[in-house]
Each structure stands twice: as C-alpha cells, then as structure tokens.
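I opened this notebook to record what I looked up about aromatic rings. The entries follow in the order I made them.

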Amino acid sequence: MGKFSPDNMSQIRKEIGFSPEEIYRKLDEEYGSSSYRVLNKGKKRKWFRKQYIFEFELIQDQKKKDRKTIIDILKESKNERVSSLKNEETLTKIEQIKPETEKVLSSEFSEVWDYLKEQEVDSKWIEHLLETAQKENPKTFEEWKQKVNGVIEQEMTDWAEKNDYQILTLFGPTGVGKTTTLIKIMNRLQKGAKKIGVITTDNFRVGAYEQMKNYSEKLDFPLIQSNIDELKIPVNVFKHQKGMDYILIDTYGRNPKDTEMKEEIEMYLKTVNPESVSLVLAANQKYKDMVKTIRAYDGVSIDHLIITKMDETDSYGFIYNLYKEFNIPISYLTYGQKVPDDIELFTAKNYTKKLWEAFSN
Ligand SMILES: Nc1nc2c(ncn2[C@@H]2O[C@H](COP(=O)(O)OP(=O)(O)OP(=O)(O)O)[C@@H](O)[C@H]2O)c(=O)[nH]1
Ligand SMILES: [Mg+2]
C-alpha cells in the first residue's frame with residue numbers, strides 16, 4: 001500500500017535521513033547509542049535530494065521497552081488477558097500469547113505507526129494518537145488513518161484570520177523568513193482594502209532596509225525605518241496621524257542563545273504593546289533547535305507560531321510535536337520564496353492532508 005509494510009513485532013527497522021549523521025543522531029536520541037545495531041545502509045534519491053536508509057536492529061533493553069509500550073496499547077484495547085498482567089511477568093507472558101498479540105497489532109496498525117515515525121512524529125505522540133484512535137476500533141488502514149486524523153483535527157485549532165489586532169510583530173532566529181512572511185501577511189490584509197503601515201527595525205543586516213524598500217515600492221505600502229528604542233514615534237505616526245488599520249513591525253533575527261535577547265524583547269513589547277506576537281520558525285531547522293528557540297522565549301507572551309520553508313521538508317510530524325509540547329497555536333505556514341503568494345492559513349485539516357501526502361508518493 002505505502003512505501004513500507006514493516007512488521008512492528010519484528011525488531012528490524014528502518015530510519016531515513018538526508019545524511020548518515022542525521023540518522024545516527026535520530027537513533028541515538030530515540031534509543032540511546034548502545035541500544036541498536038545498524039545492519040544495512042542504503043541510498044535513494046527523493047526528488048532532488050539523496051536520502052540515506054539504514055536498516056537497524058534494536059538490542060535487548062529496547063525490545064523490552066517497546067513491548068511495554070505495545071502492552072499499554074493492548075490494555076486500552078479491552079484485551080483482558082493482557083490488561084491483567086504486569087511488567088516483567090507480562091514480558092514473559094506476552095511471549096506465550098504472541099500470536100494473539102500479533103492479531104491485535106495488525107499490519108495496518110504497524111503500517112500507520114511506522115509511517116508516523118517516518119514523518120518524525122515523536123514516539124510518545126504516536127502512542128497517544130494510536131491509543132486514542134484504537135478506542136474507535138479501526139480495522140483497515142484507511143480507517144486507522146482517518147481516526148488518527150480525527151484525533152489531530154480535534155486537538156489542533158484552526159487559525160481563523162480574525163484580524164482583531166492593530167499591531168502585529170514577528171520575532172525569530174536569523175534568516176527564518178520573518179521579513180518575507182511579514183510582507184506576505186501584509187498583502188493578505190491589503191486585499192481586505194485596509195490601510196497598512198510597515199515599520200522595519202532591522203538596522204543591522206546589510207541590505208535589510210533595501211529589501212523592505214523594494215517590497216514597499218512593488219506592493220505599495222508606506223514604510224518607516226526606526227530604532228527599536230524609538231519605536232513609539234513611528235507607531236504613533238501610523239496610528240494617530242495616518243489612521244492605519246494595521247501596523248506591522250519587522251524585527252532583526254535574534255540568536256536564541258543570546259542571553260540578553262529576552263530582556264530586550266520584553267522591553268520592546270512593553271513599549272509598543274502589539275496585540276499579535278508571532279514567533280517564526282523554519283521547517284528546515286533541527287527540531288531540537290526549534291524547541292530551544294521556543295524555550296528561550298519562555299515568559300514572553302507568544303500568541304502563535306509561524307512555520308516557514310515548508311517546501312523544504314517532506315516530514316510534517318514536527319508540527320504536531322511542537323503543538324503537543326507547547327500548545328501554541330500555529331497561524332500560518334509558508335511554502336516558498338514567492339512574495340506574496342506562498343503562504344497559507346494553518347488549518348488542522350490541511351495539515352493532516354499534508355501529513356499523509358508522502359504516503360502515496
Ligand atoms: N524555500 C523557502 N524560502 C523562504 C521562505 N520564506 C522565506 N524564504 C527565504 O529565506 C531567506 C531569508 O528570508 P528573510 O525573510 O529575509 O528572513 P529573515 O528572517 O527576515 O532574515 P533576517 O532578517 O536576516 O533574520 C530568503 O532567501 C527568502 O526568500 C519559504 O517559505 N520557503
Ligand atoms: Mg529580516
């Protein structure tokens with residue numbers, strides 16, 4: 001049916017990545033460096049990129065850990081024989097009833113599990129999704145997929161472009177696409193025939209102002225350049241003298257490891273008091289770094305996340321991981337460099353569609 005039809009009970013598994021280093025990193029993170037043995041290494045081409053496929057085997061401790069996970073799922077599935085068993089005893093007993101277990105853990109279940117894993121959904125969230133989906137007793141692969149999507153769609157909120165703000169600002173690490181995205185959002189608002197003023201506070205990067213100025217001429221919106229500590233002035237000009245409906249403020253890229261960053265942002269937010277604060281992350285960043293960035297903003301009130309460069313990845317699981325981990329709504333996804341077109345509102349339905357897209361490739 002899909003690319004994989006692995007048997008979840010088997011401990012021979014596959015991991016895919018764009019480099020051997022990436023695969024080793026994932027395996028180390030997931031299982032610990034001494035809990036797997038690589039059996040085979042292969043390569044294939046996906047679109048324009050080379051992908052590496054490692055076949056590996058889990059060694060003893062991890063096998064036990066995985067079985068416990070499966071047992072937990074079985075408990076949910078009203079299998080009384082299993083639900084009355086415990087820990088080590090269970091591990092022995094499960095060997096005895098294995099044929100039955102395999103029946104419950106159908107190949108459809110395994111296929112869904114492995115696909116979500118390939119999409120880099122975190123194991124604990126796959127477990128959560130499958131446990132919840134299982135309550136509705138799915139049988140076929142299609143039913144499993146639909147139930148899993150149902151859980152995701154119920155949990156993740158759609159972003160309705162309410163526009164119930166006047167001042168919007170974007171933050172994020174360097175080069176993630178803040179300026180480009182701000183212009184894309186500006187253009188969406190502009191289509192509603194609203195008056196919009198843009199302020200750029202990026203006085204650092206060479207060419208930053210020229211980049212904005214170009215857009216301002218092409219898309220016809222007023223632009224003011226300002227230092228961050230003098231922001232009140234242009235905000236007042238746009239708000240009171242020009243009667244703008246929206247004021248969008250672009251900021252320069254910040255290194256989340258910079259310890260002064262948070263203080264500076266808190267001060268900025270206090271001065272300007274934007275109703276909408278977005279943190280921008282790029283889909284081609286490492287998941288670990290995205291997490292670090294969000295944590296670095298701990299205490300700053302982030303209203304939503306914007307994920308850019310979705311066109312540069314085929315794995316969408318990280319979005320669900322972020323949502324479950326931080327519970328911050330996602331407002332927009334961007335899909336390319338074309339300004340102002342390559343942007344869309346986040347909806348859970350579109351997201352689940354994307355999540356399974358690679359399955360039929
Ligand atoms: N592939 C792809 N590239 C994008 C997307 N959004 C932005 N970019 C590109 O990313 C690069 C950086 O974009 P900017 O908007 O300047 O990023 P920034 O976050 O404002 O950068 P700094 O202000 O320097 O921190 C540009 O080459 C953009 O064209 C996207 O959705 N997909
Ligand atoms: Mg910028």
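I began with the ring cluster: ring pairs link Tyr 115, Phe 141, Trp 356 and Phe 359. I took rings of Phe, Tyr and Trp (its six-membered ring) as paired if their centres lie within 6.5 Å, with planes under 30 degrees apart called stacked, over 60 edge-to-face and the rest tilted.

I noted that this is a predicted model, where local features need pLDDT of at least 70, side-chain atom pairs count only at pLDDT 80 or more, and totals for chains, interfaces and linings use all residues. Residues are numbered from 1 along each chain as its sequence is written, chains are lettered from A and ligands numbered from 1 in the order in which they are written, and side-chain values use heavy atoms, with hydrogens and water left out.

I then looked up the total, and the structure holds 13 aromatic pairs. Tyr 24 is in helix α1 (residues 20-31) and Phe 54 in strand β3 (residues 49-58), so the pair ties together parts 30 residues apart in sequence. Helices (H or I, at least four residues) and strands (E, at least two) are DSSP runs, numbered from the N terminus.

Next I checked whether these residues are buried (under 20% relative accessible area), exposed (over 50%) or partly exposed (in between), using a 1.4 Å probe and protein chains only. Tyr 24 is partly exposed at 31%, whereas Phe 54 is buried at 1%.
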